[in-house]
Every structure is written in structure tokens, then in C-alpha cells.
Amino acid sequence: MPPKTFTLEEIRQHHDNKSCWVIIHDKVYDVTKFLDEHPGGEEVLIEQSGKDATDAFEDVGHSTDARELMKQYYIGDVAEKDKSSAPKPPKTTGSTEEPPKGGAPFWLVAALLSLGVALVYRFFFVAESNQA
């Protein structure tokens, strides 16, 4: 059975502590029963209710546990005509960027710096003690 769909107009009607719905990644969540339990306080959810809260949700950096907990509040999807046209962020947690090319690797710079310090030490302190 396909999930129930809601228009933005329907979702906007649920914007207070008596009925609090939020949209996250084009999915609709009824978080009314979660208001008292939300670690950030109910005000945060009420402020985002009745609209797309995806950016606010992602900016906070919710844990895997929080994302798992969301499933029990899922009530349906945003109607196709009202879905966000913004590109979806990747669901990967690692970086997909290649490391910068060029330049010396860190270990080489550290080794050369250590060698330089050792030579300076030997030249000034070991040579001085041999003269005495």
C-alpha cells in the first residue's frame, strides 16, 4: 500500500503544540507526541512545524538514533506537486572528494624539518662541547 500523501496546504494547518507536523526530506512526520521528549525543547519543533524542516534538521547534525526514532512518527509523503525541487544531500557520511594533488606529503616535510633541527643541534652544541 503506497504511503499517504499530504499537500503543503494540509501540512501548514499543523503548526502548534496541539498538532505539530514537519517535513524532512519530503516525508511528513507528526511529532506532536514527541514535543515533550525532544532534547532541544518543544519550541524548536513548533518553530519548524507546518513547513519543510529539512535544512534545520540537517544543520543540527542529528544522530543515527534520532534518525531511527523518526520512523515511528512518519505519517506519509509530501504530494508530488509540492515536493522540494532542491537537490537532495548525499546520504554518505564519508568524504567523496579526492585529496589535493601536488605539494610534498606531510611525512616528508616533518622528516626534513627533523633532520634540519638535528643538524643545527649537532653543529652548535656537539661541536662546541668538543672544543672545550
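Guide: Glutamine 48 counts as buried because its relative accessibility is 16%, where buried means under 20% relative accessible area, exposed over 50% and partly exposed in between (1.4 Å probe, protein chains only). The model is predicted, so local features need pLDDT of at least 70 and side-chain atom pairs count only at pLDDT 80 or more, while totals for chains, interfaces and linings use all residues. Residues are numbered from 1 along each chain as its sequence is written, and side-chain values use heavy atoms, with hydrogens and water left out.

Glutamine 48 lies in helix H2; helices are DSSP runs of H or I with at least four residues, strands are runs of E with at least two, and both are numbered from the N terminus. Not counting residues up to four places away in sequence, glutamine 48 touches Val22, Ala53 and Ala56, contact meaning heavy atoms within 4.5 Å.

Methionine 70, in helix H4, is also buried, at 14% relative accessibility. Beyond four places in sequence, methionine 70 is in contact with Ile24, Tyr29 and Phe57. Its C-alpha atom is 9.5 Å from that of aspartate 30, 40 residues apart along the chain.

Now the pocket itself. On a 1 Å grid over the protein atoms alone, a pocket is an open set of points with protein on both sides within 12 Å along at least five of seven lines, and lining residues have an atom within 4 Å of a point. The second largest pocket holds about 440 Å³ of space. Its lining has 21 residues, and Phe34, His38, Leu45, Phe57 and His62 are the closest to its centre. H2 gives the most to this lining, with 4 residues.

Notes
1 Å grid on protein atoms, 1.4 Å probe; cavity = no way out; pocket = protein on both sides within 12 Å on 5 of 7 lines; lining within 4 Å. Points joined across faces, edges and corners; volume = space filled by probe spheres on them.
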